[in-house]
Amino acid sequence: MGWLDMAITAGIWALEILAIAVPVALTVAYTTYIERRVIGIMQIRKGCNRVGPFGLLQPLADGLKLFLKETIIPTNANKLLFIAAPVMALVPALVAFAVVPFGETRLFGIWDEAHVMAVAHLNVGLLYVLAIGSLSIYGVLMAGWASNSKYALIGAVRATCQMISYEISMGFALVCVLMLAGSMDLAKIVDAQAGGFWHWYIIPLFPMFLVYFISGCAESNRTPFDLVEGEAEIVAGHIVEYSGMWFATFSLAEYGAMILISLLTCILFLGGWHAPIEALDFIPGTVWLLLKAAFFIFVFIWFRATFPRYRYDQMMRLGWKIFLPWTLGWVAVLGICTYAGELNHSLQFLSDMIGFYQPWRS
Amino acid sequence: MLEAGFFYLFAAMSVIGGMGVVLARNTMHSVMFLIFCFFNTAGLFFLLDAEFLGIILILIYVGAVMVLFMFVIMMLEVNKAKLKEGFLQYLPVGGVIALILLIELIAASSSGVFNTETIAAVGHFGKDVNNTVEIGKVLYTQYLLGFEIAAIILLVALVGAIVLTLRTRKDAKYQNISKQVNVRKEDRLRKVRM
Amino acid sequence: MGAEYLANEYIPIFIFILVALGMGAAPLLITVFVAEQKPDREKLSAYECGFEAFEDARMHFDVRFYLVAILFVIFDLETAFLFPWAVVLDQIGMFGFIEMMLFLIILLVGYIYAWNKGALQWE
């Protein structure tokens, strides 16, 4: 391969990456708008409706305002880490999107076989998302420590403990998905759920679906798990010393994580880009995936409008004493169901039931 | 060629990261350098087709172990004057260890293990070889004993951590949820005849 | 795997990291130049609800926070062992399943110990 070919390939990749990163950034901006409108409707008030038609230009106005705000770097702060923290928070939230498959395409019949629409189609996609997701802790921890402020440090330590507690149950829930799909390739996990909603993993793994989504809420520090911010006690926690656009970068990361969790929930449990019934296949798969993800983003907002905040001990109890044993137990249950037929012939129906969800088993 | 370029990039960056860990004055910066070093090492794993190991390195070391490190360092009071105090006292022992390591490194690198001929024989796997599957196949069959020993080591670590750190506080009030839920009218309510 | 897979799938991720770094850093830089900067001593002092900041902010924390981090490392390692197992479960069959159950039971002992000792309890 010559230099020119390499440059062209790299250019195509860069375009692909921008085609994902820019819409993600826009979606984040408009999620804030939708959040305000939806919560407004739920609380029987209008929400933002002044800037532009239906207030649609509100995110732009917000962005402009944030850009024009002064940047404050406290004198006592550790300058280097204080500057690096917002970037460290945003990068994992964006980079995780690299492996998310948005559908399969033949590019209007130009390609013979369907290609997966993802920047990188990794064999270990699921693990990649989990690993990159776990890096979002550093933005929080660094921001809290570098600020050299009491509220920031307390907030950061609390946030870290919360995120790591829920990552474990998240990991176990994903193991259950893997046991059915038999592959860590996200596209293969989606393909294993093809053929109507009764093939979706939400049916055999309903408890895991709940655990995954709720853990996702806790990972992205959304209500009811937003005690990281706890404006009444620790005044916004780790971001207390940040201002203007620097502050907004943390919010961008939070909303990015929320969109990622929504997309992954659809991919892992709700058949990804497959239509609920095969008759509806004429609608492109990407539209289905985005519709399902939009529903989960709505659920996130709905949570925020509905639930009061958890108390810290309740939150830790849910993570360590309820989700952890529950997910571990489900791993065992799935395994026993798989081998029930071999143990005792009268239990064959259990293996058949699980076998139904295992198109990739030989 | 591209591969060699990436190898030198990752290798150089991990060496720089490693040096940064040792040379940085601020312990927090050291941790950051260590994280940077792990990332580049993960890159080296990817170059060796060991994608599972690379991702696990990020997931376990960067995502979990380093968080623990940061926790400890964040809460240690690092007094810089005190750190320098024992410098001369430790110099002889530290110097001898460093010297021995240096000799060992030179001996190892000149022994012929790292000859280019032996390394060049290692090529890439075929397209269908999946690192995760291959590891799974041997880890849970051939290396069964080691795997179960790992479980016991983890158990020991868990028990040890609890024994060493856990001190129940007498003054704290715990919430006993089952007790709260099971409370009945008779336990709390007393009828008084007026 | 193979060299082609490596180039096609991992280099885009590498580029993505660079793009994300740019996307993260650009707004931070732009705002510094666009916005008016008028720092003063009070503005740059640590926020403490309007009071003068007192004592060092880097304080000691309850040992429980470390304990949670240690427990997290242990359980995260456990998940790392479970991932390849779940992928090859078909190929290693019943034997692999029983073996993993043994692994989980050993760790379950530790989990029950932690529960009974109150390591998972917060007040």
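A residue counts here as buried if 20 or more other C-beta atoms lie within 10 Å of its own, with C-beta atoms placed from the backbone. Keep that criterion at hand for the first stops, and bear in mind throughout that the model is predicted.

**Chain B**

Begin by selecting chain B, whose secondary structure comes to ten helices and zero strands, so that its pattern along the sequence reads α-α-α-α-α-α-α-α-α-α. Of the 194 residues in this chain, 21% are buried. If you display the contacts in chain B between residues at least 6 apart in sequence, 50% of them join residues at least 24 apart.

Next, select helix H7 of chain B, residues 131–139, and colour its buried residues, which are B:Asn131, B:Thr132 and B:Gly136. Because these residues cover an arc of only 130° around the axis, they are on the same side of H7(B).

**From chain B to chain A**

Now bring chain A into view and select its contact with chain B, where 17 residues of chain A are in contact with 14 residues of chain B. On the side of chain A, helix H4 (125–134), helix H5 (136–147) and H6 each supply at least two residues, and H4(A) gives the most, with five residues. Coloured by residue class, the side of chain A that touches chain B divides into twelve nonpolar, four polar and one charged.

**From chain A to chain C**

Turn to the contact between chains A and C, which takes 64 residues from chain A and 54 residues from chain C. To see which elements of chain A give two or more residues to this contact, select helices H1 (3–42), H3 (79–95), H6 (150–181), H9 (244–269) and H11 (312–343). The largest share of this side of chain A, 13 residues, comes from H6(A), and the side as a whole divides into 40 nonpolar, 14 polar and ten charged residues.

**Inside chain A**

Finally, keep H1(A) and H9(A) and hide the rest: their axes come within 9 Å and cross at roughly 100°. Angles of 65 to 115 degrees count as roughly perpendicular, and therefore H1(A) is roughly perpendicular to H9(A). Show side chains for A:Val24, A:Thr27, A:Val28, A:Thr31 and A:Thr32 in H1(A), which meet A:Leu252, A:Tyr255, A:Gly256 and A:Ile259 in H9(A). The residues of this contact divide into five nonpolar, four polar and no charged.

Methods:
Residues numbered from 1 in each chain as written. Chains lettered and ligands numbered in written order. Predicted model: local features only at pLDDT ≥ 70, side-chain atom pairs only at ≥ 80, totals over all residues. Contact = placed C-beta atoms within 7 Å. Helix = DSSP H or I, 4+ residues; strand = E, 2+ residues; numbered from the N terminus. Nonpolar A, V, L, I, M, F, W, Y, C, P; charged D, E, K, R; others polar. Buried ≥ 20, exposed ≤ 12 C-beta atoms within 10 Å, placed from the backbone. Arc of directions from axis to C-beta. Axes fitted to C-alpha atoms, helices over the stretch in contact; angles between N-to-C directions. Parallel < 35°, antiparallel > 145°, perpendicular 65-115°, else oblique.
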